[in-house]
Amino acid sequence: MIDHGSIRSGVSTTPRPDPVDSDRGLPDRAAVVVIGGGIIGSSTALALADKGIDVVLCEKGAIGAEQSSRNWGWCRTQGRDPREIQLSLEANRIWRGLNAKVQGETGFRAEGVVYLCSTESELAYYEAWLEKARIYQVDARMLSSEEVAKLLPGATCRWLGGIYSPSAGRAEPQKAAPAIANGARHLGATILTGCAVRGLEKTAGRVSAVVTETGRIATDTVVLAGGAWSRLFCGNHGIDLPQLKVRGSVMRTSAVDGVPVPSVAGRGFAFRRRLDGGYTVANRGWSVAEIVPDSFRLFFKYMPALRAQWKDLGFRIGERFLSELRTPRHWSLDSPSPFETERTLDPRPDEHILGAAKKRLEAVFPVFTGAKVLDQWAGLIDVTPDVVPVIGPVAALPGFYLATGFSGHGFGIGPAAGQLMADIITGGRPLIDPKPLRFERFSDGSPFLIN
Ligand SMILES: Cc1cc2nc3c(=O)[nH]c(=O)nc-3n(C[C@H](O)[C@H](O)[C@H](O)COP(=O)(O)OP(=O)(O)OC[C@H]3O[C@@H](n4cnc5c(N)ncnc54)[C@H](O)[C@@H]3O)c2cc1C
């Protein structure tokens, strides 16, 4: 039961991704098992099935029900860590052909993304980023104050400038992962929902099976795309994946006419047009770091990220502290696992943060005045210490691969991340060099880079 009911009369607090039926029966064997049916697991299954690989995707709840249906829906290329830029450009290319590939609607539209700059230091930050990104031939460019005014008619505010990428896009979070999972099924993948994976069996030191709540699937290759659950899953197998959770709140408005077309982020607000004519709105740069027992265990690993991002974070100790304290960190595979206890992470949205965003948006773009808030929700973002995902094998456990830790930017690069994971597994020429994204960077003394 994940519906929290309404926090305001008529306002739902749980997004509803398009439903995806589960295949029946558990196969005895698969070439690859993917754990987690968010955008990353679904895209990995699609890319593997496209290569003719026999793949089973196991999702403990519903496809896309966690982060992948709760995000802003931005598919941006600008402002990314250098390790993600090429992946974001490849993702942009894949998104453009994805509806045709999956024979479904992901909601992707390449209608541009702009980040507005209110201060000289923001301008300097993006100018420096653009300088570094030039070698990748990004189409992002700096806009002057006049150019911003021309791009965003109807704004009451003048900005110093902005960074604009006309080819970047947006997609529909409640549609994309379901469409991709269905597309994977058309290509031969088996999709199992309500099917938690409790853990891995090993033979002679390598993966030999997954144990699910309904039985065992023999396999020698497993991809964990478990979002915010990945640390817990890994920990049960003695693998220390550093990962913490940050809560982001979002709302959906009724349809509004006359809003500029690109997705726009400015101080205190961000909006994206939806296929239904409404807008997904959030408060740019205001998220809540949940203080949980892992916050203390991982404190020193996260110091550089905290130093870089503390201004955008609120810290709160809430009910998750106790629930995570009570969650077992080790369990046997023949009894229910924590993944069966909490089917869908469904935190409460922060009304205060959202209220401030709506107020700011109405002040800056009066066209939003009178738009109704139809839904609001929150999602738990899984963040690594260097705020970049892990995509690759775990050297200590042959046959086990990670595609996780997308740190608040995995939706836009999801299709390319899935393709990269499939390339790594099959030994094909990888979409990009995966070395900078390897798991072992957290422990092999690599320099700790934060964009
Ligand atoms: C508020 C918010 C705004 C965001 N905005 C953007 C944005 O605009 N653009 C962008 O690119 N990114 C954005 N993100 C980040 C993006 O949503 C995530 O990076 C991305 O969805 C991660 O996908 P995932 O598949 O790794 O994780 P998830 O979507 O969380 O999926 C993981 C899945 O694994 C399943 N699972 C876990 N353990 C098990 C198990 N043992 N057995 C079976 N199933 C299991 C879970 O049930 C879950 O469905 C945002 C995130 C949030 C929360």
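Contact here means heavy atoms within 4.5 Å of each other. Keep that in mind as you look around this model, which is a predicted one.

**Helix α4**
- The buried residues of α4 pack against α3 (82-102), β6 (113-117), β7 (141-144) and β8 (161-165).
- Those buried residues are Glu-122, Leu-123, Tyr-126, Trp-129, Leu-130 and Ala-133.
- Look down the axis of α4 and they fall within an arc of 125 degrees, so they line one face of the helix.
- Over on the other side of α4, you'll find Glu-120, Ser-121 and Glu-131 exposed.
- As for length, α4 has 14 residues (120-133), which at 1.5 Å a residue should span 20 Å, and the 20 Å between its end C-alpha atoms agrees.

**The nonpolar cores**
- The largest nonpolar core has 47 residues, and the ones touching the most other members are Ile-39, Val-55, Leu-87, Trp-95, Ile-191, Val-223 and Ile-391.
- The top contributor is α13, with eight residues.
- There's also a second, separate core of 33 residues, with Val-33, Phe-339, Leu-345 and Val-390 among them.
- Setting aside residues up to four places away in sequence, Val-223 touches Val-32, Val-33, Tyr-401 and Met-421, among others.

**Leu-187**
- You'll spot Leu-187 in the loop between α6 (173-186) and β10 (190-192).
- Leu-187 is partly exposed, at 36% relative accessible area.
- Beyond its neighbours within four places in sequence, Leu-187 is in contact with Leu-46, Ala-49 and Asp-50.

Conventions:
Residues numbered from 1 in each chain as written. Predicted model: local features only at pLDDT ≥ 70, side-chain atom pairs only at ≥ 80, totals over all residues. Heavy atoms only, no water. Helix = DSSP H or I, 4+ residues; strand = E, 2+ residues; numbered from the N terminus. Expected span 1.5 Å × (residues − 1). Buried < 20%, exposed > 50% of the residue type's maximum accessible area, 1.4 Å probe, protein only. Arc of directions from axis to C-beta. Core = buried A, V, L, I, M, F, W, Y, C linked by side-chain atoms within 4.5 Å.
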